[in-house]
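Work through these exercises with the sequence and the 3D view side by side. Try each task before reading its solution.

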Amino acid sequence: MKIQRKVVLLCSLVIFLGLTACSQKAVEKVKVYPAPEGIELSKTFKVSVEGQNVPVYTSKIPPDNPIPRLNPNRGDYGLASIAFFDMNESVTVSVNYTEKVNSVKILPTSYGIKPKFEGNTITFEIDQPGHVTVEVNDDWHESLHISANPFEENIPDPNDPNVIYFGPGIHNVSQVTISDNQTIYIAGGAYIRCGVPEKEEEIEVRGHLRKKPTFILEGKNVAIRGRGIIDQSAIPKKIRRYTILAHKAKEVTIEGVTVFDPSHWTIPIQSCDNVHVDNIKIIGWRGNADGVDITSSRDLLVENCFMRTFDDAVVVKSFGGHGEVNNVHTRKCVVWNELAHSLSIGAEVHENISNVLFEDCDVIHDVGRETALRVYHCDDAVISNVTFQNIRIEEARRLISCWIGKTRWTETEERGNIRNVLFKDITATSAPIDTTLTGFQDGPDWKPYIIKDHASMQLIGFDEEHTIEGVVFNNVILDGKPITKEQITVNEFVKNVEIK
């Protein structure tokens with residue numbers, strides 16, 4: 001009997017150690033951050049990774065119907081579901097849906113993820129960090145967004161006097177400003193509920209007074225980072241404010257956090273140098289809820305981000321008296337644009353913009369009234385040396401545009417010029433024509449138009465002195481075929497166009 005008992009105990013110990021080792025291995029592969037108490041989670045999706053339950057949050061998105069989407073004042077909206085975790089090697093993800101699963105689409109297609117599904121459960125592998133969108137039963141609208149983050153490195157010490165530390169739990173925040181050598185750290189499991197301060201203060205931005213953003217980064221060597229969530233949904237439309245403003249700063253890091261329902265531009269970067277925006281997640285639905293607005297700044301890298309924005313996703317601008325723009329690089333981002341531009345320059349261009357590169361990005365949906373890839377020039381400066389390269393567009397209504405003219409955004413009497421723009425290794429699929437999708441004509445009167453052409457392309461100069469010169473289309477593939485010159489609308493103020 002004693003021998004049998006010893007054998008049983010030994011076997012139990014072996015099993016326990018084996019399970020502990022397996023559990024430890026899962027922990028080493030992934031890191032999941034529990035949701036704070038009091039946060040309502042998705043009723044549509046449940047997610048687990050390597051057997052660990054992952055919280056699935058929700059955030060408002062524009063309606064699926066074009067008319068209310070273009071008129072957000074009606075108050076119509078949908079709900080997207082959002083989950084995220086950290087990983088350092090290939091993981092298995094399981095998604096539970098409220099209904100029987102008949103079809104699954106996982107975007108971006110370029111990730112090559114092949115899902116399996118049975119009943120109401122979907123499983124698939126993610127082999128490296130990235131941003132995955134899961135669409136079930138042809139529902140492209142209220143989809144599931146999963147962000148697989150890399151493991152964090154160099155996590156700040158919460159006791160460091162230069163660190164403003166938000167740990168797991170709910171935090172009510174109205175306004176935080178940091179300066180030289182300071183960091184705002186929002187830990188995984190932290191949920192920032194943004195509010196309005198009792199005493200409203202303003203900051204001067206580009207010569208105008210604006211309500212103070214929720215977070216302001218000024219000075220040198222400043223950062224906001226972490227794996228937490230910033231939620232601006234409680235900020236009323238009439239007193240909206242930027243979410244994270246980098247202002248007259250140098251050596252700036254903005255990394256890792258997720259932003260729900262920005263009430264205005266999410267991350268404006270104004271008059272800054274040496275900025276790194278990395279792995280930011282943005283879900284926006286209100287008017288002017290841009291993603292990253294790079295204005296009058298130099299030496300920037302935006303990478304590894306996911307943006308589902310109502311307005312421009314990544315856009316470059318310049319304002320008079322605040323400095324030229326030079327050396328801006330955007331790469332490895334996944335973009336879903338609901339209204340305006342996915343990757344663009346303009347409209348406001350008061351000082352020269354040069355050396356801008358958009359590359360290796362996926363536009364998984366472009367369902368708005370504007371153009372996916374655009375150089376949109378409404379003022380008097382020179383835009384030069386711009387490259388859109390290795391970009392995959394899974395749905396496009398208006399695909400490419402270089403345009404000089406006068407619009408409601410124009411602030412200068414003179415017009416400008418566009419020089420040397422390259423569109424290389426672009427693949428795109430036309431979206432179905434939707435004659436109910438009306439927007440505004442490019443011009444000062446903003447007359448409505450109806451989109452009639454599949455994935456239109458245009459090059460429009462202003463006059464003989466304000467021209468577009470040196471545009472190259474190299475391996476631009478639309479609907480599986482190389483484009484031809486007949487597919488591009490060109491006026492007489494455009495010179496030296498080449499199609500390879």
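**Exercise 1. Are Asp362 and Arg392 buried or exposed, and how do their side chains meet?**

Step 1. Asp362 is buried, and Arg392 is buried too. Buried means under 20% relative accessible area, exposed means over 50%, and partly exposed lies in between (1.4 Å probe, protein chains only).

Step 2. The two side chains form a salt bridge, at 2.8 Å from N to O. A salt bridge needs a side-chain nitrogen of Lys or Arg within 4 Å of a carboxyl oxygen of Asp or Glu.

Step 3. Asp362 belongs to strand 33 and Arg392 to strand 35 (residues 382–396), so the pair ties together parts that are 30 residues apart in sequence. Strands (E, at least two residues) and helices (H or I, at least four) are DSSP runs, numbered from the N terminus.

A note on the source: this is a predicted model, where local features need pLDDT of at least 70, side-chain atom pairs count only at pLDDT 80 or more, and totals for chains, interfaces and linings use all residues. Residues are numbered from 1 along each chain as its sequence is written, and side-chain values use heavy atoms, with hydrogens and water left out.

**Exercise 2. Which salt bridges does Glu370 form with Arg374 and Arg398?**

Step 1. Take Arg374. Its closest N and O atoms with Glu370 are 3.4 Å apart, in a salt bridge. Both residues are buried.

Step 2. Take Arg398. Its side chain meets that of Glu370 in a salt bridge of 4.0 Å, N to O. Glu370 sits in the loop between strand 33 and strand 34 (373–377), and Arg398 in strand 36 (residues 398–404), so this pair ties together parts that are 28 residues apart in sequence. Arg398 is buried, as is Glu370.

**Exercise 3. How many aromatic pairs does a search of the whole structure find?**

Step 1. Apply the rule. Rings of Phe, Tyr and Trp (its six-membered ring) pair if their centres lie within 6.5 Å; planes under 30 degrees apart are stacked, over 60 edge-to-face, and the rest tilted. The search finds 12 aromatic pairs.

Step 2. Classify one pair. The ring centres of Phe45 and Tyr97 are 5.2 Å apart and the planes stand at 40°, so this pair is tilted.

Step 3. Phe45 is in strand 2 (residues 45–49) and Tyr97 in strand 6 (residues 91–97), so the pair ties together parts that are 52 residues apart in sequence. Phe45 is buried because its relative accessibility is 3%. Tyr97 has 9%, so Tyr97 also counts as buried.

Step 4. Find a cluster. Tyr57, Phe84, Tyr191 and Phe260 form one aromatic cluster.

**Exercise 4. Over which rings do the charged ends of Lys60 and Arg206 sit?**

Step 1. State the test. NZ of Lys or CZ of Arg must be within 6 Å of the ring centre and within 35 degrees of the ring normal.

Step 2. Lys60 has its charged end over the ring of Tyr77, 4.4 Å from the centre. The charged end of Arg206 sits over the ring of Phe319, 4.3 Å from the centre.

**Exercise 5. What is the phi of Asn274, and what is the phi of Asn327?**

Step 1. Asn274 has a positive phi of about 60°, although it is not a glycine. Its place is in strand 24 (residues 273–278). Its relative accessible area is 42%, so Asn274 is partly exposed.

Step 2. Asn327 is not a glycine either, and its phi is positive, near 65°. Asn327 is in strand 30 (residues 325–331). At 39% relative accessibility, Asn327 is partly exposed.
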